[in-house]
Amino acid sequence: MSRRAAIVLGAVLVLAAGIALAVAMAGPRDPIARAEAAEKRGDWSRMVDQAELRLSQEPEDPRALLLKGRGLAHLGQLLPAARAYAATGGDRMTPADLRLTSDLLSKADRPALAWLALEAANRIDPKDGDTRRALTALHGKVGSQGAVAHVTDLLSAVPTGPALAQLVVELATLTQSDASTDPTLDRVLLRGREKLRSLDTSAAVRRLVARVLLEFGRPDRSRDVLRSLLSARPDAEASWILSRALLQLGDESGADAALVEARGFAAGRRTDHDPAVYTGAKSCRSCHSEIYDEQQNSRHAATISHGADMARVKIPEGLLADPADPRVSHVFTREGDTVRLATTVGDQTYRAILDYAMGSGHRGVTMVGKDDSGDYRELRISEYSEKGTIWDVTSGFSPHPGDPREYLGKGLSPSGFRDCLHCHTTRYRGPENRGPEAADRGIGCERCHGPGGNHGKAVETGFAELAIGRPKGATGPQRMKICAECHASDGTFPPTDPQFIRFQSSTLPNSRCFTESQGKLDCVTCHDPHKKMEASPVYYEKKCLSCHTATTQAATETFRHVACPVNPRSDCLKCHMPTIPEVVTHTSFTDHHIRVHREESAR
């Protein structure tokens with residue numbers, strides 16, 4: 001070989017070696033592989049950059065989303081990390097990912113979600129020692145804090161680890177805190193344990209989150225969640241929710257197309273609430289003036305007083321001796337819209353500022369106030385008005401409580417306070433969530449029909465569905481379920497307890513009239529929820545006699561119209577639905593378990 005040839009060959013070999021070295025230093029060409037290599041080196045910024053490069057080519061790549069979320073979590077960026085994790089669908093997150101998320105949530109002072117992230121990790125791999133140690137450490141920090149315990153108790157009802165992981169990261173992107181006043185978190189918690197138990201997949205969680213986003217007027221974010229979900233597979237419910245998101249965004253043709261893809265998802269769901277913003281009862285007046293006026297004069301529309309309304313709330317005059325304990329006295333005072341209570345027990349005085357008055361005043365009013373520590377208390381003294389104004393100990397309170405502060409009132413947990421407002425308002429609302437429905441003085445139209453934000457748009461655009469709950473066209477059991485939200489026992493009182501009579505939606509189903517009616521008998525058979533309740537026995541007897549008369553006596557296989565053998569023309573209620581006195585202190589209730597009351601018949 002000549003010298004020149006040797007030099008050329010050497011140069012070629014050096015060049016080849018340089019190229020090989022450059023290629024080796026550059027690493028793999030695939031962004032995912034480069035991101036994974038960066039992860040092994042702990043180079044989190046490069047890991048995120050390479051994941052984002054892949055996502056610029058394929059926006060839905062689940063591996064790239066997972067790597068991006070993990071890298072951002074290592075960099076301490078909670079919100080973007082949670083968004084990336086959420087977009088993966090939740091079932092790809094590992095216990096290590098959830099521990100990272102938990103640590104960020106804990107640093108952001110969101111202990112309930114931090115706890116739930118670890119709970120999800122533990123369900124995914126119960127043998128993971130790192131997760132168990134993290135749970136022990138976090139428990140030592142938060143213990144059994146009231147608000148934390150309430151949130152974790154409810155959300156732990158989500159049955160699977162991946163679904164719970166999905167819910168945690170979704171909530172991390174939506175909520176600002178773990179406080180019970182966070183409106184977004186409240187909307188999830190108010191679904192209740194039964195609904196949360198049905199969230200058995202990541203897809204089910206994402207559908208719920210999409211609904212919540214629409215309830216807070218964030219259709220663009222809801223649309224993105226749903227489109228990501230629908231990119232994987234067809235989903236009738238997701239398409240139905242998407243039709244509402246596009247309706248809110250003004251995309252009429254897109255909303256129509258999504259509704260077609262929903263394949264009649266809402267058929268038969270007449271009582272379901274549309275995922276929409278609340279507009280307040282006054283917004284219904286322009287189209288439904290007669291019903292609106294009647295409803296606003298009903299007891300439902302006056303079930304709570306708050307704010308300026310407290311100036312009109314009745315209070316005892318002067319010093320009120322405690323009805324059960326002569327050592328205790330109460331003094332109510334009014335200063336403009338503010339009502340104060342001072343309760344003296346021996347030489348100690350406890351104080352509260354009254355915040356809410358619960359009840360229409362037909363049977364009575366119980367007040368809720370904040371004590372000097374800022375905690376809500378259900379006050380010990382209530383007004384009973386069925387027999388004139390009587391001030392007495394609130395029903396269910398101990399005459400002589402062990403804690404002297406309970407002479408002022410019984411402490412309310414976050415869930416207890418929520419339950420009070422939930423059954424006396426159009427919808428529960430925290431101090432930071434004051435929408436148009438806050439103007440409703442009690443139960444307004446949207447409590448039973450659902451929020452009206454989509455309904456107005458549907459009517460304006462000629463959308464194929466009215467986008468509002470329509471209980472009138474629902475089945476009897478569906479309507480009963482609406483009433484049962486407030487008029488049913490929560491299990492506190494067993495059927496053997498005399499106070500069980502208070503819960504009409506729990507007692508009526510025990511009646512033979514109800515069980516044999518094939519769904520034809522329900523609450524609205526006798527009660528128009530839009531009107532003030534009728535008090536005349538004759539009115540209700542006509543309802544009974546519309547079926548139970550000699551002239552209509554008939555029989556089918558499952559439902560018999562039988563005339564009363566004792567008195568087929570009148571006095572039905574005295575024997576079959578008597579008024580029971582003192583079910584609650586100074587208060588009577590009608591027994592809705594329709595049957596023969598032998599003692600009343602004997603009289």
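Helix H7 is largely enclosed by the rest of the structure, because 11 of its 14 residues are buried. The model described here is predicted. The buried residues of H7 are Pro-111, Ala-112, Leu-113, Ala-114, Trp-115, Leu-116, Ala-117, Leu-118, Glu-119, Ala-120 and Ala-121. H7 covers residues 111-124. Its end C-alpha atoms are 20 Å apart, which agrees with the 20 Å that 14 residues should span at 1.5 Å a residue.

H7 packs with helix H10 (residues 161-174). The angle is about 155°, and the axes are 8 Å apart. Angles over 145 degrees count as roughly antiparallel, so H7 is roughly antiparallel to H10. The crossing of the two helices is left-handed. On the H7 side, the contact is made by Leu-113, Leu-116, Ala-117, Glu-119, Ala-120, Arg-123 and Ile-124. On the H10 side, Gly-161, Pro-162, Leu-164, Ala-165, Val-168, Leu-171 and Ala-172 take part. Leu-113, Leu-116, Ala-117, Glu-119 and Ala-120 are among the buried residues of H7.

The chain as a whole has 27 helices and 14 strands. Of its 603 residues, 44% are buried. Among contacts between residues at least 6 apart in sequence, 56% join residues at least 24 apart.

H14 contributes Pro-219, Ser-222, Arg-223, Leu-226, Arg-227, Leu-229 and Leu-230 to the contact. H15 contributes Ala-238, Ser-239, Ile-241, Leu-242, Ala-245, Leu-246 and Gln-248.

Helices H2 (residues 31-41) and H4 (residues 62-74) pack at an angle of about 30°. Their axes are 11 Å apart. Angles under 35 degrees count as roughly parallel, so H2 is roughly parallel to H4. H2 passes H4 in a left-handed crossing. Ile-32, Ala-35, Glu-36 and Glu-39 of H2 meet Arg-63, Ala-64, Leu-67 and Arg-70 of H4.

H4 itself has 13 residues. From its first C-alpha to its last, H4 reaches 18 Å, close to the 18 Å expected at 1.5 Å a residue. Its buried residues are Ala-64, Leu-65, Leu-66, Leu-67, Gly-69, Arg-70, Gly-71, Leu-72 and Ala-73. These buried residues pack against H2, helix H3 (44-57), helix H5 (78-87) and helix H6 (95-107). At the start of H4, a side-chain oxygen of Asp-61 reaches to within 2.9 Å of the backbone nitrogen of Arg-63. After H4 comes Gly-76, with a positive phi near 80°.

Helix H18 (residues 414-422) includes His-422. Beyond neighbours within four places in sequence, His-422 is in contact with Leu-190, Tyr-428, Arg-447, Glu-485 and Cys-486. His-422 and Arg-447 are 25 residues apart along the chain. Their C-alpha atoms are separated by 9.8 Å.

Thr-426 lies in the loop between H18 and helix H19 (445-449). Its relative accessibility is 1%, so Thr-426 counts as buried. The side chain of Thr-426 makes a polar contact with the side chain of Asp-440 at 2.7 Å. That side chain also reaches the backbone nitrogen of Gly-444, at 2.9 Å. Not counting residues up to four places away in sequence, Thr-426 touches Tyr-278, Glu-437, Asp-440, Gly-442, Ile-443, Gly-444, Glu-446 and Arg-447.

Strand S14 (residues 587-590) includes Thr-587. Thr-587 has a relative accessible area of 4% and is therefore buried. A polar atom of its side chain lies 2.9 Å from the backbone oxygen of Thr-585. Leaving aside neighbours within four places in sequence, Thr-587 is in contact with Arg-363, Tyr-384, Glu-386, Ile-580, Pro-581 and Glu-582.

Technical notes. Residues are numbered from 1 along each chain as its sequence is written. This is a predicted model: local features need pLDDT of at least 70, side-chain atom pairs count only at pLDDT 80 or more; totals for chains, interfaces and linings use all residues. Side-chain values use heavy atoms; hydrogens and water are left out. Helices (H or I, at least four residues) and strands (E, at least two) are DSSP runs, numbered from the N terminus. Buried means under 20% relative accessible area, exposed over 50%, partly exposed in between (1.4 Å probe, protein chains only). A polar contact is a pair of N or O atoms within 3.5 Å; within protein, one must be able to donate a hydrogen and the other to accept it, and residues adjacent in sequence count only if both atoms are side-chain atoms. Contact means heavy atoms within 4.5 Å. The expected span of a helix is 1.5 Å times one less than its number of residues. Axes are lines fitted to C-alpha atoms, for helices over the stretch in contact, and angles run from 0 to 180 degrees between N-to-C directions. Angles under 35 degrees count as roughly parallel, over 145 as roughly antiparallel, 65 to 115 as roughly perpendicular and the rest as oblique. A crossing is left-handed if the near helix is turned anticlockwise from the far one by less than a right angle, and right-handed if clockwise.
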